[in-house]
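Here are some short notes to read alongside the model. Please keep the sequence and the 3D view open as you go.

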Amino acid sequence: MPLVRKDKSPAPEGATPPKSDAGLMSAVAAERWSAARALTSPADVMNLAKALQTETDTSVREAIFTSLSRIATLESAKAVA
């Protein structure tokens, strides 16, 4: 059985839990990162996909990809592709 490392990436400095997907549009990268990590339901795919199209910060893009992969629906796979 292979060893699997859990994702223990620390939150960027200043990151706070978002109240909604509005955090994806924040001017602060740490807030966008937190929002992307918190959005994990199939209803969030459209907002994550939209944010992915314009996001330039590497850590935020990584968080968006992580959330989309955790949602694991056909729509989230299409958003990644």
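1. Start with the charged pairs. This is a predicted model, and the count comes to 1 salt bridge. The partners are Arg32 and Glu55. Their side chains meet at 2.8 Å, N to O.

2. Now place the two partners. Arg32 sits in helix 1, residues 29-38. Glu55 sits in the loop between helix 2 (45-54) and helix 3 (58-71). The two residues are 23 residues apart in sequence, so the pair ties together separate parts of the chain.

3. Arg32 has 12%, so Arg32 is buried. Glu55 has 9%, so Glu55 is buried too.

4. Look next at Ser26. Ser26 lies in the segment before helix 1. Its relative accessible area is 16%, so Ser26 counts as buried. Leaving aside residues up to four places away in sequence, Ser26 touches Glu31 and Arg32. Arg32 is also the salt-bridge partner of Glu55.

5. Turn to helix 2. Which residues of helix 2 are buried? They are Val45, Leu48, Ala51 and Leu52. These residues cover an arc of only 130 degrees around the axis, so they sit on the same side of helix 2.

6. Check both faces of helix 2. The buried residues pack against helix 1, helix 3 and helix 4 (74-80). The face turned away from the buried side carries exposed residues: Met46, Lys50, Gln53 and Thr54.

Conventions. Residues are numbered from 1 along each chain as its sequence is written. This is a predicted model: local features need pLDDT of at least 70, side-chain atom pairs count only at pLDDT 80 or more; totals for chains, interfaces and linings use all residues. Side-chain values use heavy atoms; hydrogens and water are left out. A salt bridge is a side-chain nitrogen of Lys or Arg within 4 Å of a carboxyl oxygen of Asp or Glu. Helices (H or I, at least four residues) and strands (E, at least two) are DSSP runs, numbered from the N terminus. Buried means under 20% relative accessible area, exposed over 50%, partly exposed in between (1.4 Å probe, protein chains only). The arc is that of the directions from the helix axis to the C-beta atoms. Contact means heavy atoms within 4.5 Å.
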